[in-house]
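Here are some comments for a colleague who is reading this model closely. Please keep the structure in view while going through the points.

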Amino acid sequence: MKALLLENIHPVAVESLEAKGYEVELLARSLSEDELVEALPGVSLLGIRSNTNVTGKVLANAPDLLAVGCFCIGTNQVDLAAATERGVAVFNAPYSNTRSVVELVIGEIIALARRLPEKIEKMHAGVWDKSAKGSHEVRGRTLGIVGYGNIGTQLSTVAEALGMRVVFFDTADRPAHGNARRMSTLDELLAISDVVSLHIDGRPGNAGLFGHEQFSKMKPRAMFVNAARGMVVDTESLREHILSGHIAGAAMDVFPVEPKAQGDPFESPLRGLDNVILTPHVGGSTQEAQEEIGWFVSGKLASFALHGSTALSVNLPAVNVPELRTGHRLGFLHRNVPGVLARLNEMLAEQGDNVVQQQLATRGEVGYVVTDAAQPLSAGSLERLAASENGLWVRTWSA
């Protein structure tokens with residue numbers, strides 16, 4: 001059993017998978033589509049971060065691949081439809097680096113409000129510029145959060161503790177935390193916010209969400225933070241609004257185009273601007289977060305491969321089964337059509353297979369049923385399942 005981990009994933013993931021019997025190859029960089037096609041034959045588990053794209057072509061040329069682990073929050077770098085069609089489970093870490101991102105955003109908001117980037121640059125140049133001009137407290141200011149999910153809600157709580165007023169906008173129905181207020185529209189949020197912070201996902205519909213029109217509607221001398229997805233923001237428009245003085249400062253941790261490897265050149269129209277903080281996609285890159293992500297995602301990968309559990313998979317039906325300690329287990333991923341479970345159980349009964357326990361879940365166009373039995377399931381049952389017109393795959397495990 002082989003696992004390939006890319007983009008300098010935390011060593012705890014290597015230790016976790018090796019302890020479960022996997023041979024692990026760890027690479028510090030991402031791989032291109034062609035490199036992945038060449039590397040994946042023989043690989044059961046693939047671990048990536050945000051710079052590796054697992055396309056339909058990659059999946060079509062990875063016959064041994066069981067699961068992909070995104071050691072980050074986002075999964076838009078994986079063709080989820082193609083993965084589902086091929087029965088490849090995809091997992092991510094939706095909670096593990098939440099606090100790290102929130103702390104970075106809070107630090108950036110304070111730094112921008114105090115215009116620290118300019119002060120720091122002058123001090124390094126040997127210039128003593130002790131002045132309060134343009135420097136403000138964040139207490140009493142309004143923070144507008146666009147995207148009120150796991151990160152947005154925690155940012156809301158921490159910002160309130162600093163004395164900020166919080167408003168938020170989300171297309172989903174999210175409950176407000178603390179004294180935060182929901183805005184009916186994005187325009188309403190932009191008009192009253194002293195700071196706008198983005199925390200939305202990378203779905204295609206969000207591409208270019210923030211451009212000239214949105215920046216124009218922001219409160220004059222407001223500040224802008226993006227620690228979500230680079231493709232969401234038109235950086236040329238942001239540059240224009242910073243140079244005009246309409247936007248007082250910005251902090252960007254993600255970019256439309258990012259270098260593939262450590263040390264590669266970085267280009268952006270935002271380089272060299274006053275009161276602009278640029279960081280290399282490190283929102284979740286703390287030792288604590290990366291270790292937690294490494295442990296969490298590697299555990300999900302191994303649990304699926306070794307025991308059939310799809311708990312917290314982002315694309316397959318969620319069946320949370322415990323480690324198999326006794327007996328035998330059958331996993332059947334199939335197209336979600338009526339009567340599959342009834343025919344499965346009828347087939348098992350005809351072969352004399354006694355079911356100990358069984359779980360079924362469906363998600364969209366696929367269903368997944370896990371059946372535990374005291375005795376090995378008969379070869380006849382397995383053959384008939386494998387030949388089923390609605391089956392995607394059949395797998396068995398034994399304690």
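1. In strand E2 (23–26), the bridge partner of leucine 4 is glutamate 25, and strand E1 (residues 2–5) pairs with E2 in the parallel sense over four bridges. Strands here are DSSP runs of E with at least two residues, and helices are runs of H or I with at least four, numbered from the N terminus; two strands pair if DSSP finds at least two bridges between them.

2. Please bear in mind that this is a predicted model, in which local features need pLDDT of at least 70 and side-chain atom pairs count only at pLDDT 80 or more, while totals for chains, interfaces and linings use all residues. Residues are numbered from 1 along each chain as its sequence is written, and side-chain values use heavy atoms, with hydrogens and water left out.

3. E1 and E2 belong to an open sheet of five strands with parallel pairing, in the order E2-E1-E3-E4-E5. Its edge strands, each pairing on one side only, are E2 and strand E5 (89–91), and the twist averages 15 degrees from one strand to the next. Helix H11 (residues 287–307) packs on this sheet, where it touches strand E3 (45–48), strand E4 (67–70) and E5, contact meaning heavy atoms within 4.5 Å. The direction of H11 makes about 170 degrees with that of E4; axes are lines fitted to C-alpha atoms, for helices over the stretch in contact, and angles run from 0 to 180 degrees between N-to-C directions.

4. Another open sheet has seven strands in the order E8-E7-E6-E9-E10-E11-E12, again with parallel pairing, and its edges are strand E8 (181–182) and strand E12 (276–278). Two bridges join strand E7 (residues 165–169) to E8, and phenylalanine 168 stands opposite arginine 182 in E8. Helix H10 (residues 235–243) packs on the sheet, touching E10, strand E11 (247–252) and E12, and its direction makes about 145 degrees with that of E11.

5. Helix H7 (residues 150–161) lies across strand E6 (142–146), E7 and strand E9 (195–198), and runs at about 175 degrees to E6.

6. In the UniProt record, an unreviewed entry, the annotation "domain: D-isomer specific 2-hydroxyacid dehydrogenase catalytic" covers residues 4–313, and such annotations may be inferred rather than shown by experiment. The end C-alpha atoms of residues 4–313 lie 19 Å apart, and the span is 35% helix and 15% strand.
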